[in-house]
Each structure stands twice: as structure tokens, then as C-alpha cells.
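Good morning, and thank you for coming.

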Amino acid sequence: MIVEIIPCLNDNYSYIIHEKETNTVSIVDPSEFEACDKSINKYKKLDFILNTHHHVDHVGANIELKKKYKSKILGSDSDKDRIPGIDIFLKDNQKQKIGNLEFKVIFTPGHTKGHIVYFFNKDKIAFTGDTLFSLGCGRVFEGTYEEMYNSLKKIKSLPLDTKIYCGHEYTKSNLNFCSAYDSRNYLLKKKEIDIQKKLNSNQPTIPSTLEQEIKTNIFLRCNDPDVKQALGLKDSSEIEVFSKLRDLKDSF
Ligand code: ZN
Ligand code: FE
């Protein structure tokens with residue numbers, strides 16, 4: 001399974017997945033036709049379009065690509081009225097194949113009501129859309145804080161060496177937020193050096209790994225005593241800590 005990163009719009013990432021054995025070509029969250037088509041061109045085909053959620057910066061090129069390549073569009077069953085051109089409706093925990101690659105659907109409401117994550121078991125790769133970012137998480141637009149937190153917990157239970165491919169390059173501003181409330185985290189400081197190196201040479205900071213995220217992403221560290229202390233929420237529940245962090249980040 002080969003994943004190619006395509007920067008789109010200001011800070012979006014679309015991802016091409018190439019499975020060589022059956023020469024199956026897919027794309028995750030195509031936001032911009034021109035940029036995506038330029039990369040698809042070398043394969044001369046696009047079999048599948050995988051959408052994590054209905055926002056236009058994730059589905060913007062669906063129709064144009066489908067028209068050009070006769071691709072099949074996959075998305076959440078509960079977003080079937082909002083994902084342009086959808087053909088295949090996916091349910092929570094469903095297993096589905098694209099070529100020889102199998103993925104599992106993880107229903108992750110919160111950012112939107114129908115958000116899903118695509119987890120490829122064998123290669124341990126997760127496309128997390130706008131639910132989990134590197135060092136951050138998506139805004140809670142349509143769901144509740146509790147739903148979003150539970151969705152993050154589902155992702156947290158994947159294998160630690162899972163590679164995380166998310167929907168946006170928000171890593172630097174997320175890093176600043178994490179550093180503000182988790183200032184004693186040594187691994188975060190280490191990660192900062194790596195992030196800065198990549199950004200300085202115009203490279204994506206993606207993929208991250210789940211293990212790194214669990215150790216450095218403050219939204220996955222709502223139970224950490226230092227984080228709770230920094231927020232003045234020593235005796236609060238995880239969900240209270242998460243809600244506080246989400247509110248603070250919204251106005252950071
Ligand atoms: Zn979104
Ligand atoms: Fe987005």
C-alpha cells in the first residue's frame with residue numbers, strides 16, 4: 001500500500017492510495033480537482049474515492065473526478081444525503097475492500113454527525129480526516145463534546161504503531177497550543193524539533209503515529225496530572241478536561 005500526499009487548498013491534504021498487485025487507485029478526501037488530477041494522471045485511472053465527512057474541503061472534487069474516471073464514491077451511511085455522488089454507504093465497523101486492501105470503518109461523530117475514519121488493518125494506516133490531527137483534534141461542529149471524546153478514544157485503541165494521516169496541516173499551531181498547557185512534556189519538545197525541521201524544508205509533518213500522538217497530543221492526554229494541573233482541573237473528569245481544552249483551543 002503506497003500513500004501519496006497531495007497538498008490542496010491552504011492547508012488540506014488529500015491522499016492517493018495505490019495498491020500495486022491489482023493496480024487499484026483510490027483517493028481520500030479529494031478537495032481540489034486540479035491538484036488531485038495532476039497526481040492521478042500518472043496512473044490514468046481512479047477506482048475509488050473515500051470521504052471522511054461531508055465538508056467541502058474534503059469532497060470538493062468528488063463529482064469532477066467521478067465524471068472523468070468513473071470512480072465509485074464511498075462515504076458514511078449517515079451522510080448519504082450530504083456526500084456528493086456517493087455510491088457505497090459505509091456503516092460502523094464494516095469491513096470493505098478496495099482492490100486487495102481491506103479497511104475497517106470507524107464511526108467517529110463529533111466534528112460532523114457522520115464522520116468516519118478509514119483504518120487499514122494490515123498496513124496499520126488510519127485516515128482520520130478532521131477527527132484527529134497531529135497534536136490536535138477537529139472542532140466540534142455537529143456533535144457533542146462527549147461524542148467527540150468517545151470518537152478520539154476509539155482511535156486511541158488502535159495499534160500504537162498505526163500511522164495517522166489527517167485532513168489538515170495544522171501541526172504547528174496545534175503544537176503551540178499543546179506547549180502552552182503541557183509545557184513540561186519532554187517528548188513534545190522533542191517532537192517540536194522534528195516538526196520544525198520538516199516545515200523548514202517545506203515537507204508535510206504527516207504521517208504521525210498513534211504512539212506519538214498519545215504521548216504528545218494534549219487532547220489524548222486529558223487524564224494526565226500535569227495537564228489537569230495546568231488547567232486548574234485537578235479533580236475533574238476526562239470529559240470535563242477535554243471540553244475545557246476544546247473551548248480554549250477554539251479561541252487560541
Ligand atoms: Zn471538516
Ligand atoms: Fe477540513
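I start with the zinc ion (ligand 1), whose 4 donor atoms subtend angles of 86 to 173°, which makes the arrangement irregular. Please keep in mind throughout that this is a predicted model. To call four donors tetrahedral, all angles would have to lie between 85 and 135 degrees. For reference, the ideal angle for four tetrahedral donors is 109.5 degrees. A caution applies here: water is not among the atoms, so sites may look incomplete.

Which residues supply the protein donors of the zinc ion (ligand 1)? They are His53 and His111, each through NE2, His55 through ND1, and Asp130 through OD, at 2.2 to 2.3 Å from the ion. Along the sequence these donor residues follow the spacing H-x1-H-x55-H-x18-D. Histidine 53 sits in the loop between strand 4 (48-50) and helix 2, whereas aspartate 130 sits in the loop between strand 10 and strand 11, so this pair ties together parts that are 77 residues apart in sequence. Both histidine 53 and aspartate 130 are buried.

The iron ion (ligand 2) is coordinated by Asp57 (OD), His58 (NE2), Asp130 (OD) and His168 (NE2), at 2.1 to 2.3 Å. The spacing of its donors along the chain is D-H-x71-D-x37-H. Around the iron ion (ligand 2), the 4 donor atoms subtend angles of 84 to 169°, and this makes the arrangement irregular as well. Histidine 58 belongs to helix 2 (residues 56-59) and aspartate 130 to the loop between strand 10 (125-129) and strand 11 (132-133), so here the pair ties together parts that are 72 residues apart in sequence. Histidine 58 is buried.

Let me turn to the chain as a whole. It has 9 helices and 14 strands. For 252 residues, a compact globule would have a radius of gyration near 18 Å, and the chain agrees with that at 18 Å. The C-alpha trace spans about 55 × 40 × 30 Å along its principal axes. Buried residues account for 52% of the 252 residues. Among contacts between residues at least 6 apart in sequence, 59% join residues at least 24 apart. The accessible surface comes to about 11,500 Å², with 49% of it belonging to carbon and sulfur atoms.

Leaving aside residues up to four places away in sequence, phenylalanine 242 touches Cys137, Tyr145, Met148, Tyr149, Leu152, Phe219 and Cys222.

Two individual residues deserve a comment. Beyond residues up to four places away in sequence, its contacts are Val140, Ile239, Phe242, Ser243, Arg246 and Asp247. Glutamate 213, in helix 7 (residues 210-216), is buried, with a relative accessible area of 0%. With the same exclusion of sequence neighbours, glutamate 213 touches Phe133, Ser134, Leu135, Lys191, Ser208 and Leu220.

I close with the backbone. Most residues other than glycine have a negative phi, and most peptide bonds are trans. Against that background, a cis peptide bond joins isoleucine 206 and proline 207, with omega about 0°. Proline 207 lies in the loop between helix 6 and strand 14 (208-209). Leucine 9 has a positive phi of about 45°; it lies in the loop between strand 1 (2-8) and strand 2 (12-19) and is partly exposed, at 48% relative accessible area. Asparagine 23 has a positive phi near 45°. Its place is the loop between strand 2 and strand 3 (24-28), and at 33% relative accessibility asparagine 23 counts as partly exposed.

Key. Residues are numbered from 1 along each chain as its sequence is written. Chains are lettered from A and ligands numbered from 1 in the order in which they are written. This is a predicted model: local features need pLDDT of at least 70, side-chain atom pairs count only at pLDDT 80 or more; totals for chains, interfaces and linings use all residues. Side-chain values use heavy atoms; hydrogens and water are left out. Donors are N, O and S atoms within 2.8 Å of the metal (3.2 Å for Na, K and Ca); water is not among the atoms, so sites may look incomplete. Four donors count as tetrahedral if all angles lie between 85 and 135 degrees; four count as square planar and six as octahedral if opposite donors are over 155 degrees apart and all others between 65 and 115; anything else is irregular. Helices (H or I, at least four residues) and strands (E, at least two) are DSSP runs, numbered from the N terminus. Buried means under 20% relative accessible area, exposed over 50%, partly exposed in between (1.4 Å probe, protein chains only). The radius of gyration is taken over C-alpha atoms; the globule rule is 2.2 Å times the number of residues to the power 0.38. Contact means heavy atoms within 4.5 Å. Accessible areas come from the Shrake-Rupley method with a 1.4 Å probe; for residues, only the protein chains shown count as cover.
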